[in-house]
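This report describes domain arrangement, helix packing and backbone geometry. The sequence and structure are shown first.

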Amino acid sequence: MNATSAPGDTPALDPDLVLDTLLARGYREMAAVPCSYLGPLLARAARRPDVTYFPATCESEAVSVAAGAWFTGRRVVVALQNSGLGDALNPLASLCLPYGVPVLLLMSVRGEPGTRDEPHHDVMGRTTARILDDVGIAHAWVPADSAGFVRAVEEAERAMDASRRAYCLLIRKGTFRDGPQTVPLGRSVPQQVPGTGDRLSRAQAIRWLRERLPEEQVVVTTTGLTGRELYAAGDRPTHLYLSGSMGCASAVGLGIARAGGRPVAVFDGDGASLMRFGTLVSVAASGPDLLHVIYNNGCYDSTGGQPLQGPVPFAATADLLGYAATAYCAAPAELPSAYGKLMAQPGPRLLEIKVTTDPVPAPRVPLALPEIATRLRALYGSPVTTATAS
Ligand SMILES: Cc1ncc(C[n+]2csc(CCOP(=O)(O)OP(=O)(O)O)c2C)c(N)n1
């Protein structure tokens, strides 16, 4: 990678300087799928009146929106995490590059070799630069200092002008300065006090359901805090904590449920569900015995509370799609009857629970990822040999 700073540097760019630099070059809009590394920048972009912040439902959408804007003479900067690079590659490779549409990417790099990160980031951390090289997208690390950042953007602009190709600025943890100006919108609204009044926090709702679901029920959890909170409520071998593959939990649950033999639930986030909204159609159409629970907090809580596209009426949508039963709970008192109704019904069911976010994040799930996979497979009578389990 054209590194201009080494792992372990602790740069702290002022998010306002970054946005001013981009604004000066005509970038008045930012399309983003969040990452906590980008948190302070996204929070400022979402708050500043001179920047239009577009919460994209997935990375390919963010790139496509920026490409669409380019056709109209507008410039949209795309902010994403490298775990979404695979998704972004579709429009990058088959739209932006062949049509000569230059898009500026600000991409946080998780799993960079030499740094400590969660294991599900390893593969993309090792391969991000190589993938960009292979695809033909020039890239450079965002430097530690303000002048360096301005120079990096100028270089990106020069390269994009000369090549009509996308350019990717790579961002490390701690790149952006945090402070009172960078409190995300989703964190500053009063609903954030968990479980006060007639609201449930996500952790409380998860605990409530875990206490009632039958022990043999498989529970697939989405990436972020949802899995951690289920683990904190009490681990079971039937729990499949997905720490990556954002948006895929419901499809994984569908794949499991199609085997039959055990009840299956998916604990999903609203952002994650939105990322693969089409899976709702697949679940409805294929009709498995599956309880899809969506904890709707209206933001990307796990990455810092960034705004989410919407509002999204998940239960109402599932109803229209032909789910066997759906329920929407806006208050704790509504949970028991919704739960009773859904558990009495076979087929695809969707439970949407309006929740607050949790200010104190649960600790990471301490289990090795292959171990989580192996123990679930064993429950289906398919032990994994040591070679495939490691
Ligand atoms: C493809 C991809 N893009 C972005 C991320 C970064 N990320 C991890 S958790 C998360 C937020 C999840 O939000 P949501 O599903 O709404 O659940 P919540 O945290 O709000 O409960 C994001 C954006 C990711 N892991 N994968």
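Helices (H or I, at least four residues) and strands (E, at least two) are DSSP runs, numbered from the N terminus. The model is predicted, so that local features need pLDDT of at least 70 and side-chain atom pairs count only at pLDDT 80 or more, while totals for chains, interfaces and linings use all residues. Residues are numbered from 1 along each chain as its sequence is written, and side-chain values use heavy atoms, with hydrogens and water left out.

**Backbone geometry**

Most residues other than glycine have a negative phi, and most peptide bonds are trans. Arginine 164 is not a glycine, yet has a positive phi of about 55°. This arginine 164 is found in the loop that joins H6 to strand E6 (167-171). A cis peptide bond links glycine 310 to proline 311, with omega near 5°. Proline 311 belongs to the loop between strand E13 (306-307) and helix H13 (314-321).

**Domains**

The domain assignment, where bounds come from an automatic or database source, divides the chain into domain 1 (15-183) and domain 2 (190-389). Their C-alpha centres lie 30 Å apart. Across the boundary, 18 residues of domain 1 are in contact with 13 residues of domain 2, contact meaning heavy atoms within 4.5 Å. The area buried between domain 1 and domain 2 is about 1300 Å², and carbon and sulfur atoms give 62% of this area. Buried area is the accessible area (1.4 Å probe) that two parts lose on being put together, summed over both.

**Helix packing**

Two packed helices are described by the angle between their axes and the distance between the axes. Axes are lines fitted to C-alpha atoms, for helices over the stretch in contact, and angles run from 0 to 180 degrees between N-to-C directions.

| Helix pair | Axis distance | Angle |
|---|---|---|
| H1 (residues 15-24) and H6 (residues 146-163) | within 10 Å | roughly 30° |
| H1 and H2 (residues 39-47) | 9 Å | about 60° |
| H10 (residues 249-257) and H12 (residues 278-286) | within 9 Å | roughly 20° |

Angles under 35 degrees count as roughly parallel, over 145 as roughly antiparallel, 65 to 115 as roughly perpendicular and the rest as oblique. A crossing is left-handed if the near helix is turned anticlockwise from the far one by less than a right angle, and right-handed if clockwise.

With an angle of roughly 30°, H1 is roughly parallel to H6, and their crossing is right-handed. Leu17, Val18, Thr21 and Leu22 of H1 make the contact with Ser146, Phe149, Val150 and Val153 of H6. By class, this contact of H1 with H6 has six nonpolar, two polar and no charged residues. Here Ala, Val, Leu, Ile, Met, Phe, Trp, Tyr, Cys and Pro count as nonpolar, Asp, Glu, Lys and Arg as charged, and the others, Gly among them, as polar.

H1 and H2 are oblique to each other and cross in a right-handed sense. Pro15, Asp16, Val18 and Leu19 in H1 meet Pro40, Leu41, Arg44 and Ala45 in H2. The residues of this contact divide into six nonpolar, no polar and two charged.

H10 and H12 are roughly parallel, with a left-handed crossing. Ser250, Ala251 and Leu254 in H10 meet Thr279, Ser282, Val283 and Ser286 in H12; the classes are three nonpolar, four polar and no charged residues.
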